[in-house]
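Hi everyone, thanks for making time this morning.

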Amino acid sequence: MREIILIKNGELVLKGLNRNTFEDILIKNMKKALKNIGEFSFTKSQSTIAVESVDEDADLDDAVDALKKVFGIAALSRAAVAQKDMDSIRQIAVSYLKDELEEAHTFKVEAKRSDKKFPLKSPEISRELGGYILSKFKNLKVDVHNPDAIVTVEVRDKYAFVRGNNIKGAGGMPVGTSGRAAVLISGGIDSPVAAYMMAKRGIELVSVHFASPPYTTELAELKVMELLKRVAKYSGPITTYVVGFTKIQEEIRDKCPEEYFTIIMRRFMMRISEILAKKQGCSALITGESVGQVASQTIYALGCTDAVTQIPVFRPCIGMDKDEIVALSRKIDTFQTSIQPYEDCCTVFTPKHPRTRPKLEDVEAAEAGLNIDELIAEAAENARKTVVK
C-alpha cells in the first residue's frame with residue numbers, strides 16, 4: 001500500500017501572489033528536518049503538500065515526529081493513496097484504518113472533492129463510505145459531532161487520499177520568511193521561550209550569550225548550548241556568539257553606582273548584541289523580558305535599555321506571567337535544562353537595592369566614567385562564533 005504524509009499549511013493559505021515563495025521555504029525547511037531520516041519527494045497541491053518517501057528504508061513515524069516541529073505546518077497526517085473509484089477507496093479505508101477503527105466507538109466520514117469530475121459529490125462519498133465501514137466494524141456508531149475517529153477522503157486530480165485523525169503541527173510561519181534577528185540567550189527559563197516564539201513567526205535566529213569567567217563556569221555555557229539545541233529542533237541551525245563579559249562587569253562594579261549595575265550591564269549587552277546582529281544581517285534583537293518580573297524589567301528600566309539600540313527589540317514574553325512562560329518551556333522541552341543550577345552572568349554583582357524607576361539622564365551619568373566604545377568594540381571583536389544544530 002502506497003503511503004504518504006499530507007501537510008496542511010495553515011495561515012500560508014492567506015498569502016497572496018507570494019504564497020509560492022512561502023511554500024518553497026517551508027519545503028526547504030521540511031527537507032532539512034528529514035535529512036537524516038531519508039529522501040523524500042514533495043508535491044504542492046492547493047493548501048496541501050504531499051510528502052512521499054523515495055527511500056524504502058525511511059521510517060514514516062520518525063518523519064512525522066520531525067515534521068511536527070517544523071513551523072508553518074498547521075496539521076499533518078499519514079494517508080494511503082487510493083485510485084479514484086469507490087471500490088478502491090472503500091477497500092483502502094477499511095484496511096489502512098483498521099486498527100484505528102477497531103479501537104473507536106464512534107466515527108464519521110468527511111469527504112473533500114477538489115476534482116469536480118468525480119461522479120459522486122462529497123456528501124454522497126461520505127454516505128457510501130460510512131455505510132461500508134459500518135458493515136465491516138460492528139463496534140462503531142456514527143457521531144457527526146464528537147466522533148472518536150474521523151475518516152477523511154480527499155479526491156484530487158490523480159488520486160484519492162484516505163486518512164485518519166489529523167496530528168497537530170507546530171503552526172506559525174516557516175522560519176526564514178520573516179527576516180533574521182538575534183536573541184540574547186541566558187541560561188534561564190525565559191529567553192529560550194522567547195527564541196522559540198519568534199522563530200514560530202518565521203524569524204531566523206542568531207544568538208548571543210554573555211559569559212563571565214571565573215564568576216560563571218564552563219558548565220553554565222554548556223547549559224546554554226543545550227538549550228539552543230532544543231530550540232534548534234524547531235528553528236533550524238542557530239549561529240551563536242559567546243561574548244566574554246568579565247572585564248565589562250568588573251569595570252561597571254568599580255566605576256558605577258551599585259544601584260545602576262544591572263541596567264548598565266543590560267545596556268552593554270544590547271550594544272554588543274546589536275554589533276554582532278548587524279554582522280549576521282539581523283534586523284532586530286530578541287529578549288526574554290517580562291514586565292515587572294525583576295527590577296531591570298520595569299517599563300522605566302526597559303526604556304533606558306532600549307535607548308542604546310538603533311534596531312527594534314522584540315519581547316514576546318512581555319505580557320506573560322511566569323506560569324505561562326514555564327508551561328511553554330515544558331512544551332518545548334527546555335524547562336529541565338533551564339533550572340539546572342549553573343548561574344549566568346546576570347547574577348554577577350547583583351545590587352542589593354536596584355533602581356526600579358531609573359531616569360535615562362541619571363543612567364547615562366552613572367556610566368559616564370566608562371570607556372564605552374572601547375569596551376564594546378573589544379568584546380564584540382573577541383566573541384567566539386559557533387553554530388548550534
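This is a predicted model: local features need pLDDT of at least 70, side-chain atom pairs count only at pLDDT 80 or more; totals for chains, interfaces and linings use all residues.

E154 turns out to be buried, because its relative accessible area is 2%, and the cut-off for buried is under 20%. This glutamate lies in strand β7, which covers residues 149–155. What does the side chain of E154 make a polar contact with? The partner is the side chain of K8, at 3.0 Å. Leaving out residues up to four places away in sequence, E154 also touches others, including L6, T48, K112, Y159 and R163.

Now over to a pair of helices. Helix α8, residues 246–255, packs with helix α14, residues 372–381. Their axes are 10 Å apart, and the angle is about 160 degrees. Angles over 145 degrees count as roughly antiparallel, so that is how α8 runs relative to α14. On the α8 side the contact is made by K247, I248 and E251, and on the α14 side by L375, E378 and A379. By type, that contact divides into three nonpolar residues, three charged and no polar.

Last stop, the cysteines. C304 counts as buried because its relative accessibility is 3%. C317 counts as buried too, at 0% relative accessibility.

That's my tour, and I'm happy to go back to any of these spots.

Note on methods
Residues are numbered from 1 along each chain as its sequence is written. Side-chain values use heavy atoms; hydrogens and water are left out. Buried means under 20% relative accessible area, exposed over 50%, partly exposed in between (1.4 Å probe, protein chains only). Axes are lines fitted to C-alpha atoms, for helices over the stretch in contact, and angles run from 0 to 180 degrees between N-to-C directions. Helices (H or I, at least four residues) and strands (E, at least two) are DSSP runs, numbered from the N terminus. Angles under 35 degrees count as roughly parallel, over 145 as roughly antiparallel, 65 to 115 as roughly perpendicular and the rest as oblique. Contact means heavy atoms within 4.5 Å. Ala, Val, Leu, Ile, Met, Phe, Trp, Tyr, Cys and Pro count as nonpolar, Asp, Glu, Lys and Arg as charged, and the others, Gly among them, as polar. A polar contact is a pair of N or O atoms within 3.5 Å; within protein, one must be able to donate a hydrogen and the other to accept it, and residues adjacent in sequence count only if both atoms are side-chain atoms.
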